[in-house]
Amino acid sequence: MPASESTLVDAGVRVGLVEADAVPKLRLQAKRERLSFVEAVTRAGRFPAAALYRALADTRQLAFLSPDELEPDRDVLATMPPRIWQTRLMLPVRGKDGSRLLALSDPDDSLSLERVERAAGLPFKVVLSEPEALRKAISLGLMSDPSRARVLGPVADVIEPQDPVQLLDDIMKEAYLRRASDIHFEPQEEGMRIRFRVDGCLQEYPVALSEADEEGLVNRIKVLANLDIAEQRMAQDGAMKYHIANWNLPETDIRVATIPTRWGERCTLRILGEETGQLSLTDLGMSPKMLERFGLAISQPHGMILVTGPTGSGKSTTLYAAIRQLRVNELNVLTVEDPVEQTLEAITQVQVSGKVGFAQALRSFLRHDPDVILVGEIRDRETAEIGLRAAMTGHLVMSTLHTNDSIGAVTRLADIGTERYLIGSTLIGVLAQRLARRLCPHCRRKHSCTPDEARLLGVPEDSGTQIYEPGGCSFCLGTGFLGRIGFFEALWVNQDLRVAIADGAGEREIRRLATDYTTLWEDCREKVLNGDVALSEIIHFIPEGAR
């Protein structure tokens with residue numbers, strides 16, 4: 001059985017997840033809004049209930065098992081009827097060292113421990129896990145036994161169907177609490193798997209679903225996104241606004257995509273602007289020197305600034321933060337985006353559609369007396385040339401481009417057919433960026449550099465340099481990472497570079513002539529030495545010659 005709410009909240013207070021002074025107020029608020037005490041606490045602190053169970057494990061000095069560690073011990077499962085495991089919410093697990101563990105959600109449930117030990121004739125060590133993870137693991141464990149599968153039938157047939165409206169609301173609550181950027185509904189042979197993308201990595205949301213639940217969830221999403229629920233054999237795209245019931249939160253803009261797979265319809269939800277809606281340039285992780293230089297660049301009256309990187313590297317977030325730093329009440333700022341991910345006050349934002357593309361919108365913008373133009377992405381020659389000519393004729397143009405580094409932006413523009421003299425005469429600078437997980441400040445562990453680490457970081461082996469590695473605590477759900485941080489490479493164009501670019505210089509020549517140039521690895525190295533990130537997170541950014 002799950003631990004009591006008071007026990008969980010007390011554990012949260014002891015580890016610092018919950019402020020003790022706020023507990024009485026949250027208890028009253030839960031009664032007033034007819035919420036559970038745990039729901040009121042997790043909403044206020046914006047962390048999932050799993051964090052409280054991990055906190056309880058820490059305070060009781062017990063191991064905590066994540067959903068992917070709950071591999072059932074099927075020999076012990078066979079010693080008692082299935083209903084007992086499901087009602088008592090307990091799961092026998094074999095540890096990595098071969099030890100016998102009993103996963104519970106209440107460390108004080110001694111009755112369950114005695115019952116299992118008596119039935120199996122073996123001693124067990126208690127470990128903790130969250131209730132939903134246990135329910136799913138128990139169902140899958142019972143169904144994996146062929147003899148029981150014949151009696152019980154498919155997993156989905158023994159799970160009570162749930163209201164799809166409430167089920168989706170619970171999933172959206174969990175996504176909010178975990179600060180997820182995407183939600184994946186993935187049909188598989190054994191049932192639907194739901195995963196959240198958190199800090200760039202996927203985390204499973206443990207929930208046992210019936211076949212009716214799976215179909216109801218997808219249909220509920222399709223209805224909200226104005227998609228055809230009868231069409232299940234082709235991909236569909238849509239969008240919706242979602243408001244979590246009974247929570248005083250603003251509506252969330254969500255992009256929806258569905259596609260048929262072998263085991264059913266897959267659905268992916270992209271949550272737009274959830275975590276980056278209020279970020280400023282100082283929040284992105286730029287060094288003081290780069291922040292000052294970038295601020296100077298966006299204050300220029302004309303020219304082009306590019307932000308490059310792969311999909312999901314935070315390019316749009318950087319541009320939105322730059323727009324927020326401008327004096328928008330004194331400037332006419334126009335944007336064309338696909339899609340509009342964040343709503344910005346006091347500026348005009350245009351959504352790309354079948355009738356209005358990037359190039360068409362840019363042409364029209366020039367007749368609207370703009371000061372600053374933001375182009376969501378340069379995809380073709382026409383958009384590039386119009387943007388560069390706008391930058392040449394007295395407008396500040398900012399845009400994104402898909403390249404591996406900042407210098408590659410010059411050759412990329414040339415490759416799509418843009419005239420070299422246009423690039424050289426208008427380009428102010430190029431910012432290339434990546435994202436990596438930030439070390440959790442509550443549990444990161446310091447250690448002295450090994451000889452190999454010192455060599456990679458370019459510090460003397462006997463210098464005693466210390467760096468940090470991930471730990472694991474309630475704040476980060478045991479991952480050792482909390483949030484993300486950007487790494488930036490900057491190329492600022494001077495007069496010599498303008499001439500060289502116009503004359504057709506290649507990347508090697510541009511790199512040689514660049515005097516105001518910060519590489520991506522230099523920024524990564526600085527953040528490792530500062531303790532912001534682990535060396536393991538940025539190992540793939542190390543130049544080949546330095547490995």
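Predicted model: local features only at pLDDT ≥ 70, side-chain atom pairs only at ≥ 80, totals over all residues.
**Notebook: rings and charges**

I started with Arg437: its charged end sits over the ring of Phe481, 3.9 Å from the centre. Over a ring means NZ of Lys or CZ of Arg within 6 Å of the ring centre and within 35 degrees of the ring normal. Arg444 also turned up, over the face of Tyr468 at 4.1 Å from the ring centre.

Residues are numbered from 1 along each chain as its sequence is written, and side-chain values use heavy atoms, with hydrogens and water left out.

Next I looked up aromatic pairs (Phe, Tyr and Trp rings, the six-membered one for Trp, with centres within 6.5 Å; planes under 30 degrees apart are stacked, over 60 edge-to-face, the rest tilted). I got four of them. One is Phe196 with Tyr205, tilted, at 5.4 Å centre to centre and 40° between the planes. Both Phe196 and Tyr205 are buried (under 20% relative accessible area, 1.4 Å probe, protein chains only).

Why do I call Phe487 and Phe541 edge-to-face? Their planes are at 65°, so the pair goes in that class, with ring centres 5.9 Å apart. This pair links distant parts of the chain, 54 residues apart: Phe487 is in strand β18 (residues 481-492) and Phe541 in the segment after α21 (520-529). Phe487 is buried at 0% relative accessible area, and Phe541 counts as buried at 16%.

Last, the whole chain: 51% of its 547 residues are buried, and its C-alpha trace spans about 85 × 65 × 50 Å along the principal axes.

Terms used
Buried < 20%, exposed > 50% of the residue type's maximum accessible area, 1.4 Å probe, protein only. Helix = DSSP H or I, 4+ residues; strand = E, 2+ residues; numbered from the N terminus.
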